[in-house]
Amino acid sequence: MNLFDVYPLNDIEIVKASGSTVWDAQGQEYLDLYGGHAVISIGHTHPHYVKRLTDQLNKVGFYSNSVKIPLQVQLAEKLGVVSGKTDYQLFLCNSGAEANENALKLASFYNGRKKVIAFTGAFHGRTSLAVSATDNPKIIAPVNSTDHIVFLPFNDEDALKKAFADFGGEISSVIIEGIQGVGGIKEASVSFLQLIRTLCDQYDAVYIADSVQCGYGRTGQFYSHDYAGVNADVYTMAKGMGNGFPVAGISISPRFKPWHSMLGTTFGGNHLACAAALAVLEIMEQDHLMENAKNVGDYLIAELRKIEEIREVRGRGLMIGIDLPEELTQVKKNLLFKQHIFTGEAKPNVIRLLPALNLSKEQADQFLENFKIAIKG
Ligand SMILES: Cc1ncc(COP(=O)(O)O)c(C=O)c1O
């Protein structure tokens, strides 16, 4: 049997990893500023994480949601504290797309409506409604296409006001990334997020904050949307939550009341997933990782802005987009194969930095030095 060939691959096999360093099968060392796509939040093979997962696996790895799983309650309590939303409720699932799918569904159950507002440049996942709310027709299968989704220009306040004025009574939810990741590290403006809050309140629609990539402390706030100073109704999260163990969730405001079987999943919130997620939050708290993400991120952004060849540097904390001119398309490849540094990308020519939240200033300097070399070719 062959693999279904859907991923363009780099010819590299990673066999060992520690913190923000990974090694390939030939023993070559790399600095990891990609974190396997914003997933590695507390660093690869963190000893506390490895121990907590190993200990849990030796007790019980999995049982379904038909029995009490106290680890879920512990996780909900800790997440409430670390995220600053102690009165919110937690539903656990397995991936970012599934988190968004459940959030959109929850909103529709809540207000009985069907229309969803999404924005140009958005990426919300590949399952049915999440992919329909994603601004990329190439990955929307005919069976997924629906007229329930209305795309509006990102950060366009007049367009949003007009949509609510025209058909506000039909709008179930507004879904938005605090910082668009796949879209090229583009930040939702504070006033735009505040307007979403106001209009959702006015029309009883649901504000869904897709924090799958920009959340979990990456920007220095637990949810990047919170820079706007208003709460979302539902926050979706995934990538950084389990440091590589597949676990995702939605944090739900007290305004939503659950009923049995409203949402559900076989694997969501299993013992191992909860142990992984708890280990991440414990390290985030203990090592002040949100503060580190902000400090090292601010430093990186300031230093990158001094480099003339870069068109624009965008982002917050350790979610950074380096927008390069067309003649510098080779930089990402150079970084990987010559300087041995993993980074992410966004089309057409943006380098995305999504490292572990405990990246050190020395590692940031190592990147900056090598980046300047990579630009020269
Ligand atoms: C903002 C955002 N939402 C949702 C998703 C989907 O997450 P997953 O791949 O875990 O389904 C992604 C993945 O890149 C994302 O960046």
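These questions and answers cover the fold, the packing and a few residues of a predicted model.

Residues are numbered from 1 along each chain as its sequence is written, and side-chain values use heavy atoms, with hydrogens and water left out. Local features need pLDDT of at least 70, side-chain atom pairs count only at pLDDT 80 or more, and totals for chains, interfaces and linings use all residues.

Q: How many helices and strands are there in the chain?
A: Both are DSSP runs numbered from the N terminus: helices are H or I with at least four residues, strands are E with at least two. The chain has 11 helices and 17 strands.

Q: Which radius of gyration does the chain have, against that of a compact globule?
A: The radius is taken over C-alpha atoms, and the globule rule is 2.2 Å times the number of residues to the power 0.38. The C-alpha trace spans about 55 × 55 × 45 Å along its principal axes. For 377 residues the rule gives a value near 21 Å; the chain agrees, with 20 Å.

Q: What percentage of the residues of the chain count as buried?
A: Buried means under 20% relative accessible area, exposed over 50%, and partly exposed in between (1.4 Å probe, protein chains only). Of the 377 residues, the buried part is 54%.

Q: How far apart do the centres of the positive and negative side chains lie?
A: Lys and Arg count as positive, Asp and Glu as negative; His and the chain ends are not counted. Each charge is placed at NZ of Lys, CZ of Arg, CG of Asp or CD of Glu. There are 35 positive and 41 negative side chains, and the two centres are separated by 2 Å.

Q: In what order do the four strands of the open sheet stand?
A: Strands pair if DSSP finds at least two bridges between them. β3 then pairs with β15 in the parallel sense over two bridges. The pairing is mixed, and the order is β1-β2-β3-β15.

Q: Which residue in the turn of the hairpin of β2 and β3 has a positive phi?
A: Trp23 stands opposite Glu29 in β3. Four residues lie between the two strands of the hairpin. The positive phi, about 90 degrees, belongs to Gly27.

Q: Why is strand β10 largely enclosed by the rest of the structure?
A: β10 (residues 206-210) pairs in the parallel sense with β7 (residues 171-177) over five bridges. Three bridges join β10 to β11 (residues 234-237), also parallel. Val206, Ile208 and Asp210 point one way, Tyr207 and Ala209 the other. β10 is largely enclosed because its buried residues number five of the five.

Q: Which residue in β10 is the bridge partner of Ile175?
A: On the β11 side, Ala209 stands opposite Tyr235. The bridge partner of Ile175 is Ile208.

Q: Is His271 buried or exposed?
A: His271 is found in helix α8 (residues 271-286). Contact means heavy atoms within 4.5 Å. Leaving aside neighbours within four places in sequence, His271 has contacts including Gln56, Phe62 and Tyr63. At 9% relative accessibility, His271 counts as buried.

Q: Which residues are in contact with Ser253, leaving aside its neighbours within four places in sequence?
A: Ser253 lies in the loop between β12 (248-252) and α8. Its relative accessibility is 6%, so Ser253 counts as buried. The contacts of Ser253 are Tyr88, Gln89 and Asp233.
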